[in-house]
Amino acid sequence: MLDSVLLEARKITKRWPGVVALDGVDFRVYAGRVNALVGENGAGKSTLMNILSGVYADYEGELLLEGAPIRFRTTAEAQKVGVTMVHQELNLIPQLNVAENIFLGREPRSCMGLIDYNKMHGEAQQHLRRVGFVHDSHTTLCDLKVGEQQLVEIAKALSLRARVLIFDEPTSSLSEQETQTLFRLIDELKREGVGIVYITHKMDELSRLADYVTVLRDGHLIGEHRVHDTSTDEIVRLMVGRERKDLFVKNDHPKGEVALEVRSLSLEKRLQNRTLKLEEVSFEVCRGEVLGIYGLMGAGRTEVVETIFGLHGAAAKGVLRIGGREFLPKTPREAMDAGIALIPEDRKHDGLVLGMDIARNTTLASLDTMLRWGGIDRGREEAEAEHYRAELAIKSHSVQQPAGELSGGNQQKVVLAKMLRTDPQILLLDEPTRGIDINAKNEIYKLIDRLAAEGRAVVVISSEMPEIMALSDRIITLSAGRVTACFNRDEFTEEALLKASLPTK
Amino acid sequence: MLKTQILRIDRSTLRPLVALVVMVLALSLLSESFFTSDNIFNVMRQVSVNLCISVGMTLVILTGGIDLSVGSILALSGAVSAGLIKSGLQFAGINLHVGFTFFGVVVVALLIGGLLGWFNGQMVTRFKVPPFIATLGMLTIARGMTMLYTNGHPITGLGAQFEYLGTGWFCGIPMPVLVAVLVVLLFALFMRKAPWGRYIYAIGGNERASRLSGIDVNRVKCFVYTVAGVLSAVAALIVTARLDSAQPNAGTGYELDSIAAVVIGGTSLNGGRGSVWGTVIGALIIGVLNNGLVLMNVSPFWQQVIKGVVILLAVIMDRMNAKEA
């Protein structure tokens with residue numbers, strides 16, 4: 001029996017400056033079937049779905065809706081013909097109530113042209129019941145747990161009467177009971193002939209829900225399979241199965257004594273649309289060692305290094321032991337005084353003052369060493385910045401060029417220069433090569449190697465498996481805020497790493 | 001290298017500077033009495049009060065904040081210093097009377113300004129009250145306290161030393177102008193050379209990156225509001241001395257002139273970009289504009305309209321400048 005194709009993507013290519021996010025990918029949504037989309041972080045799943053749902057309008061290739069070519073310029077256009085995406089990061093307004101969120105922008109009107117609240121809440125309740133939402137539709141959104149907000153997002157999609165419904169890791173914030181309700185809902189939708197795309201990292205969900213599974217890797221389509229013709233191991237192998245080619249050759253240097261011991265790091269912090277959570281994270285790094293932290297999006301990698309750097313203050317528990325001293329920094333200053341440096345993931349938001357020049361950014365974290373007669377010695381500052389510009393090969397007109405004008409790789413080098421000036425003994429690098437070109441990447445790999453050779457302890461977070469495997473002496477994997485495994489260099493395989501990072505339940 | 005540095009400083013203040021020069025030239029042609037030494041000193045004396053306040057305002061705005069309470073802080077520290085110099089402190093219960101010297105009064109005035117500013121800073125940093133609201137609260141509180149202290153009556157007759165501060169000359173420069181110049185030089189140097197000056201720019205430019213660089217953002221923010229308070233008190237001493245009296249409604253609306261001076265001087269209300277020198281030019285533009293319009297017998301109502309238009313033009317120019325950059 002052939003399933004009928006509802007929506008088809010043909011030869012989709014999407015380019016970002018310097019990167020091809022999708023390269024000629026085909027994808028099909030079948031009526032009344034679930035096609036699960038799997039792949040590592042950065043495989044191109046979200047990009048593909050954003051094209052299908054009208055978020056990105058410029059791409060190469062074509063979309064066919066029931067065989068007829070179509071091109072969405074906005075999400076509204078996609079929704080009009082019944083293609084809706086339930087996003088992972090929530091697009092709801094915290095100050096409005098549940099029904100107002102569901103009908104935002106298309107509120108039912110009374111004859112006077114005013115909002116017909118009775119009708120709105122009545123309809124909202126219907127959809128909410130289907131997704132298993134237990135609260136009243138008058139509840140203000142910000143009073144709900146993240147999982148419940150996710151249900152509201154799904155109810156909103158139902159209210160749009162979608163024919164194609166795209167779920168982006170919907171169960172990552174749902175409780176067990178909510179998950180079961182969602183699965184039953186999906187079964188129902190299938191019977192109604194709705195075509196469903198389901199992005200997930202949870203392998204056990206595939207056999208429960210999916211009819212097809214499509215694997216993406218590095219922007220390429222690896223294949224579409226019927227779920228009952230394949231196995232979890234096979235899928236994992238397809239997800240990672242790239243040829244092993246070493247990015248760079250790591251030098252061996254002797255490991256020293258333990259530089260940083262992390263004991264039972266725990267964190268619970270509720271933000272507006274997600275919860276930061278760590279549970280009893282423990283590990284140690286030695287001088288001269290590079291420790292990799294691998295995990296999928298939302299596993300808590302960034303939270304680990306941020307907590308070590310004192311960014312979560314009183315919300316964090318646990319203890320660090322550095323050189324016989326036991327404490328947990330409450331501010332970045334305390335962490336820096338203990339010899340810790342953090343190179344944050346988002347250099348534009350967290351790393352640099354973009355309007356300031358390279359020299360000022362370079363000295364920002366260590367300005368007290370730049371003083372003469374109590375004032376900043378601009379001459380020495382520029383000389384110092386010039387030194388780092390040469391050493392790290394920062395490409396710029398001069399050290400007076402504003403940091404905002406530099407390319408990503410060069411910006412990252414300025415952030416590195418700033419932290420290296422504090423002479424840290426423990427470096428925490430959060431996605432140090434994200435979004436930078438291959439040359440700059442290689443330079444940063446060499447720098448990391450050199451820092452370790454100098455006897456510093458380095459912790460690297462990376463979503464790119466080949467990268468983290470090439471760089472690290474050991475890798476720990478995180479999942480849902482917990483350490484799930486630890487691998488020595490001779491035990492590194494992509495499959496093992498991915499398996500250890502997949503969430504179980 | 002030195003040359004490019006000078007050019008870079010000028011870039012943001014160049015337009016206001018050109019505007020000021022054009023205005024001065026135009027007014028010199030239009031009015032015979034404008035470019036006379038009497039009138040120039042007159043303008044500078046008038047500008048000195050706004051300038052002191054605006055230097056503090058510049059620091060606050062550079063961090064991305066705002067201070068609406070400067071006028072009320074001015075009124076309260078002016079009233080208290082006038083009261084102290086005139087009648088000292090009376091402790092009725094124990095029959096004690098403490099007199100104050102002129103310098104004692106100066107110290108007390110600056111302390112009051114600093115304390116109220118520090119309070120603003122605590123509101124903003126510790127209790128996370130938005131700066132607009134925190135200082136709006138202080139605007140009302142300090143005004144009310146001024147009324148309580150003065151019972152709504154002016155305090156007059158403050159003695160020779162006070163009079164000298166207001167109307168005296170030192171080395172051929174009027175005292176208020178001298179004070180303002182010292183304030184400007186001190187803070188221009190501070191912003192350029194002191195680490196905390198650099199931190200003020202950094203926080204306005206990117207608060208999170210500043211925090212991640214180990215800067216104690218809250219302390220620096222608290223500091224700028226304290227400075228704004230202290231400089232309001234400095235302005236209060238000048239105003240009180242010049243009138244030889246403390247008026248309970250002194251300083252009303254000064255926050256607006258001050259914000260206008262900062263904005264016209266090219267400092268971004270988003271923080272991170274601008275300078276004390278820009279503010280000097282901004283304050284001079286407002287002063288020259290006021291003075292020129294009076295000399296040309298423009299009705300006070302039109303003066304307000306024109307001032308408003310100038311502020312809008314300045315911001316529009318700043319926006320276009322930001323787009324280019």
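Select helix 8 of chain A first: this helix lies across strand 3, strand 9 and strand 10 of chain A and runs at about 25° to strand 9 of chain A. Helices (H or I, at least four residues) and strands (E, at least two) are DSSP runs, numbered from the N terminus. Axes are lines fitted to C-alpha atoms, for helices over the stretch in contact, with angles from 0 to 180 degrees between N-to-C directions. The model is a predicted one, in which local features need pLDDT of at least 70 and side-chain atom pairs count only at pLDDT 80 or more, while totals for chains, interfaces and linings use all residues. Residues are numbered from 1 along each chain as its sequence is written, and chains are lettered from A and ligands numbered from 1 in the order in which they are written.

Six strands form an open sheet of mixed pairing, in the order 6-7-8-3-9-10; two strands pair if DSSP finds at least two bridges between them. Strand 6 (83-86) and strand 10 (220-226) of chain A are at the edges with a single partner strand each, so one side of each has no neighbour in the sheet. From one strand to the next, the twist averages 20°.

Within the sheet, select strand 3 (residues 34-38) and strand 9 (residues 212-217) of chain A, which run parallel and are joined by 4 bridges. Asn35(A) stands opposite Tyr212(A) of strand 9.

Turn now to helix 1 (residues 45-52) of chain A. Here 8 of the 8 residues are buried, so the helix is largely enclosed by the rest of the structure. A residue is buried if 20 or more other C-beta atoms, placed from the backbone, lie within 10 Å of its own. Among the buried residues are Lys45(A) and Asn50(A). Gly54(A), which follows helix 1, has a positive phi, near 85°.

Colour chain A by domain: domain 1 (5-240) and domain 2 (258-501), with bounds from an automatic or database domain assignment. Their C-alpha centres lie 34 Å apart. The contact takes 15 residues from domain 1 and 14 residues from domain 2, where contact requires C-beta atoms, placed from the backbone, within 7 Å. Helix 8 (residues 232-240) gives the largest share of the domain 1 side, 4 residues.

Finally, show chain B: 22 residues of chain A are in contact with 18 residues of chain B.

Methods:
Two residues are in contact if their C-beta atoms, placed from the backbone, lie within 7 Å. A residue is buried if 20 or more other C-beta atoms lie within 10 Å of its own, exposed if 12 or fewer, and partly exposed in between; C-beta atoms are placed from the backbone.
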